[in-house]
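Hello,

Here is the structure I promised to pass on to you. Please open it beside this email and follow along as you read.

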Amino acid sequence: LIDSAPHASYHAIDASPAMVSATTARCPEATVDLGDVLALPWPEAAFDAALCMHVLYHVPDQSQAIGELARVLKDDGWALVTTVAADGSDDCIALHNAACADAGLEAWSCDTWPAQRFNTTNGGQLLGEVFAEVEFFPRTATLVYEHSADALAYYTSMDYFQQVARANPAAADSLYAAAEARINAAIAQDGALRIRKDCGTW
């Protein structure tokens, strides 16, 4: 994005200090701060465009967050919002449940997934309550990992792994080892681990 519009001004927030540091390192052209999408630190009509990528299912009040996106946009501005499918159609979830079986743990149900709050099924209605025009583009993304460390970093960042880690660190260690074994086997067999994700963008 920065390459396509190098003269634009870029501002970002995240609730995680680690993500702020990582984004600042990757995009030094942008101003990146700690912040809350429920109370954006910018005045009304500050921006021509806003991007909200895989964020809204993490916040407790989606309507307030969407209202904040609209508030900081100019009258002719636009927002790009991305989320995942409601049914957990994601190869990473399949990996997780297979690793759970290997580790003797209960399979995970998408009923406890934060994405139930904002997904490709209900997201359009929530956005339509604030924005006059809403257009949906379904898509399937495939993440390709040739190195197990990268795949494990992605997998362990997922909420379903984090639920196990918070509840039972010892079980999380067993789960990590089981997932690592499956990831290594996939890379050895196919040259990479491929994770399909059904997503959508408005």
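Below are some notes on its salt bridges and on one pair of helices.

This is a predicted model, in which local features need pLDDT of at least 70 and side-chain atom pairs count only at pLDDT 80 or more, while totals for chains, interfaces and linings use all residues. Residues are numbered from 1 along each chain as its sequence is written, and side-chain values use heavy atoms, with hydrogens and water left out.

Let's start with the charged pairs. Side chains of opposite charge can pair when their charged atoms come close. A salt bridge here is a side-chain nitrogen of Lys or Arg within 4 Å of a carboxyl oxygen of Asp or Glu. The structure has 6 of them.

One of these joins Lys74 to Asp48, with 3.2 Å between the closest N and O atoms. Lys74 sits in strand 4 (residues 73-84) and Asp48 in strand 3 (residues 47-53), so this pair links distant parts of the chain, 26 residues apart. Helices (H or I, at least four residues) and strands (E, at least two) are DSSP runs, numbered from the N terminus. Lys74 is partly exposed, at 31% relative accessible area; buried means under 20%, exposed over 50%, and partly exposed in between (1.4 Å probe, protein chains only).

Another salt bridge pairs Asp91 with Arg196, at 3.6 Å from N to O. Because Asp91 lies in helix 3 (residues 91-102) and Arg196 in strand 6 (residues 193-201), the pair ties together parts that are 105 residues apart in sequence. Asp91 is partly exposed at 29%, and Arg196 is partly exposed at 31%. Asp91 and Arg196 also belong to a salt-bridge network with Asp198.

Asp159 and Arg166 form a salt bridge too, at 3.7 Å between the closest N and O atoms. Arg166 is exposed, with a relative accessible area of 57%.

Now for the helices. Thr156, in helix 5 (residues 148-156), is buried at 16% relative accessibility. Leaving aside neighbours within four places in sequence, Thr156 is in contact (heavy atoms within 4.5 Å) with Phe161, Gln162 and Tyr176.

How do helix 5 and helix 7 (residues 169-190) cross? Their axes come within 10 Å and cross at roughly 135 degrees. Axes are lines fitted to C-alpha atoms, for helices over the stretch in contact, and angles run from 0 to 180 degrees between N-to-C directions. Helix 5 and helix 7 are therefore oblique to each other (under 35 degrees is roughly parallel, over 145 roughly antiparallel, 65 to 115 roughly perpendicular, and the rest oblique).

Enjoy exploring!
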